[in-house]
Amino acid sequence: MLQYALRRILLVIPTLIAVAILVFLVLRVVPGDIVEIKMTAEGGIVSQEEIERERERLGLNEPLYKQFISYMVGLPQGDLGISLWTERPVAQEIGSRIALSFELAILSTILAVLIAFPLGTISALYRGTGLDYVIRLLTIGGIAVPSFWLGMLLIMGSISVFGKLPPLGTVSLFEDPLTNLYQLIWPALSVGYRYSSVVARMLRSSILEVLSEDYIRTARAKGVLERLVIVKHGMRNALLPTVTVIGLEFAFLLGGLVVTESVFNLNGIGKLFVDSVVRNDLNLLQGLVLTVATCFVFVNLIVDLLYAALDPRIRYQK
Amino acid sequence: MAVNKQNSKKTEPLFSDDILLDVKNLRVEFRMKNGIVRAVDDISYQVRRGEFLAVVGESGCGKSVSALSLMRLLSERVATITADHVLFDGIDISRIPMSEMRRLRGRRISMIFQEPMTSLNPVLTIGDQIKEPLITHLSMTEEQAEERAIELMAMVGIPEPKNRLPQYPHQFSGGMRQRVMIAIGLACEPDLIIADEPTTALDVTIQAQILELLKDISQRLGIAVIMITHNLGVVAAYADNVNVMYAAQIIEKGTASDIFAKPAHPYSIGLLRSVPRMDKPRGGRLATIDGLPPNLMNPPTGCRFYARCPMAQDSCSQAEQVLEKTKGSARHETACALSEKALKNGALIYERNVSVQGSSTVDKSGEPLLSVTSLKQEFAVSFRTGWFSSYNGSVKAVDDVSFDIYPGETVGLVGESGCGKTSVGRAILHLNDPTGGEIMFDNISLNKNSIALVRQDMQVIFQDPFSSLNPRMTIGEILEEPLKVHNIESDAEKRSQRISELLVKVGLYPYMSNRYPHELSGGQRQRVGIARALSMEPKLIICDEPVSALDVSVQAQIINLLEDLQRDLGIAYLFIAHDLAVVKHISHKVVVMYLGQIMEVGEGEELYGDPKHPYTQALLDAAPIPDPEIERKRERSILKGELPSPINPPSGCVFSTRCPKAVASCSNTRPELLRVGTDHLASCILLDAG
């Protein structure tokens, strides 16, 4: 197990390097020039020389390989370059916002798992009954309804029922945890509903599949209590595909909360993404893509380690 | 080593008259979308304490379902079980609440399933799975259970039980997993073990080990066993009593000698006569039962075997047949109004298709059609052995194999799984490019390029009739494809005429060319596979386990068909199979393989009658013969251990690690194939010395 884990962790390093190279190359292909956009933003007329001077100052005229080297050298030190727009370090720009997105993603995951596990399990065990149909209707709804729209409904519902807006904006978790949770629970709910639907449906089908396996019949033939048959023999096997879905959805949340963040007026990473694209801020965009990609890699690592913990066949693989 | 079977020669039955299980009118119905299937239809039988009862029948006859319904393991969502009573030691287990049934399961009635590979939970340790019933039923502590689990594992012959306890199922071989299943079944010393095809997925030597173990332990502990199987040899070797099932009903029951010596139901007679016999001389066709079992959703009135019965009378289709005592022995019952006639005539009722001319002879005066010389097939393997180290090597799947096939000859290739027999076939066809040796076919030396010249002359039939036909093509399209590809018939009209001829030739009907594979039965699909091979008018057909997925009565039909085609068309076969009796029946010459090497080659009669190599002897000993009289007298030595890893084969003679006759020098030198008779070769150094 330890050997598997260590090997798997070491494998992260080449993956990240490959990601970094890929991100750099892909973004050089993006058309448009930040300098022009930035300098003409206020509507002034700027001469070609001034643009050139600015490009020089920002290091955009350097040959590509030099840019690449300074980028790759900076990475291990946490230096993602400076934002071409705000001229503050990219790491700082992202750092100030990622905590919020991360917290939201984790909160949504917790909510989703709390909702999905009972729903998925009940749905599988009572397959074909009314209860199952209700749960399946709920979960297909969760997948069909966009989460930002659910967010808007939540806000509107709050206004018409309680006569006031849910608390928008954010206080840091460390300053005032309760208020922070109270503020984030609404966006987390609107995202978590969809999330839980995906997980619950996955869990339902994998439990159903596992329960028809031969070893479940063996367990029953041994006279094991039905509850233990499900929990001890069934669940652990059914968790494998479910864990994958949870991991993928989580990683997706980090970069994919753009609209929900706007609805709830949260200053997270999604909004930063949109800004960097609109402003053609290559350095910031590069940093953001890299951050999200890194999260993906690490979430996958965690999923793989969980897999190994759950399934001895993977653990003992030589 | 040798297990003496003298003890079972006693005339007294080993079991008492104390009835343990009394099943009366058990009925199981499945609710399907388009109707109700009565999978078990009013069966009644009894099992005495310590009795070994076999339930035989072909697939779909309801034997497994009836066993699962005893344990009430069928999903109540789809299955309805009714019975007058199912008394287990006086308790009606068809009526007690599920919670009480659960307390009996694993405690007093255990079950062993067919598929050892999937019947154990992959994420729990072997120890946990053996301990589970002990902790559940006997309230043992973890330590007590562990101690008992080690005891049980030793009892079922798992070496180093203590070290293997914390291992997982994937670290066990199929045979070892089945031992684990038996250990689980025995854990609480039950009164009854139900074994559902416990050895069907295992090799014949492992099968013998497992069945001996089961028989031995059940006798010692006085446990009754219900064994469900389709293998009549296994029944003859181990069962005290037999129930024969057909189309959801028990159609005959009695002691093993009743059923095998004096079968009174035409179906039982047909079943017994359709099995090729290892102990009988070759020649003659196998008896076949025509047609297919009835659809259980809408079973016919009267006798269910009526449509297929060779001695049926009109009255048979009117009256329901019920089990009645025969004129034979006291325990013998059968559900046939004409049983007296059946008893008297026996196999003669199948006369019309038994008595056709014997097998063909081979003319060996000319050149061989196929000549394989020193064939080698290595596969690269690599796996991690440590942090940064890995093993890169090769497996010798086929190692220095040579044999000839003459025109019109059938050469049988036998051996246990992993012996390389399929690799030989694939190498000859160049589905895998051989890594050494020479293959001459029709005077052409085969290689990557020249194989295209002989593709038409060399065809193949695969094992699985279900997956080797494209489900989205009709039978006609499947048969038309090779005709088009090889440009044999350019005219569409003539092609379809040709397809009709082919279908008739393999015993199907021309109208079937519009059907899809799923609309045909397994035997019919295998016939399509044969028709596809025949369409090229080949000189050689490589048959890779062509009948092992089929029921015995269908197997007999296919074997007869292959023999007829050989006689009419002079085709040669390379017949790859693991069933020794089938190979004996169909082959002129037999090649025995072990771990990629040839152990022995000989004419069928001579090889089976006087095997020279210890491995051949062990294989023959392990294969049960469907005759309890012979089985009772037979002294058999059962091979110990399992096939060694082909990655790291034993030095010297590859069989030396399991050979009962091995001497020290066996592990030093690799024996050569020695001539031990006309056309009889064996590779064993002991033969050299003697």
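Among contacts in chain B between residues at least 6 apart in sequence, 68% connect residues at least 24 apart. The model described here is predicted. In chain B, 23 helices and 27 strands are found. Of the 690 residues of this chain, 49% are buried. Along the principal axes, the C-alpha atoms of chain B occupy a box of roughly 75 × 70 × 50 Å. The radius of gyration of chain B is 26 Å, which agrees with the value near 26 Å that a compact globule of 690 residues would have.

Eight strands of chain B form an open sheet of mixed pairing, and their order is β20-β21-β22-β17-β23-β24-β27-β26. The edges of this sheet are held by β20 (458-461) and β26 (674-677) of chain B; each has a single partner strand, so one side of each is left without a neighbour in the sheet. On average, with direction ignored, neighbouring strands of the sheet are turned by 20 degrees against each other. Helix α17 of chain B, spanning residues 522-534, lies across β20 and β21 (540-544) of chain B. The angle between this helix and β20(B) is about 175 degrees.

Within the sheet, strand β17 of chain B, formed by residues 410-414, stands between β22 and β23 in the strand order. With strand β22 of chain B (residues 572-576), β17(B) pairs in the parallel sense over four bridges. In this pairing, Gly412(B) has Phe575(B) of β22(B) as its bridge partner. The pairing of β17(B) with strand β23 of chain B (residues 589-594) is likewise parallel and comprises four bridges. Here Lys589(B) in β23(B) is the bridge partner of Val411(B), while Val414(B) stands opposite Val592(B) of β23(B).

Key:
Residues numbered from 1 in each chain as written. Chains lettered and ligands numbered in written order. Predicted model: local features only at pLDDT ≥ 70, side-chain atom pairs only at ≥ 80, totals over all residues. Pairing = 2+ DSSP bridges. Helix = DSSP H or I, 4+ residues; strand = E, 2+ residues; numbered from the N terminus. Axes fitted to C-alpha atoms, helices over the stretch in contact; angles between N-to-C directions. Contact = placed C-beta atoms within 7 Å. Rg over C-alpha atoms; globule rule 2.2 N^0.38 Å. Buried ≥ 20, exposed ≤ 12 C-beta atoms within 10 Å, placed from the backbone.
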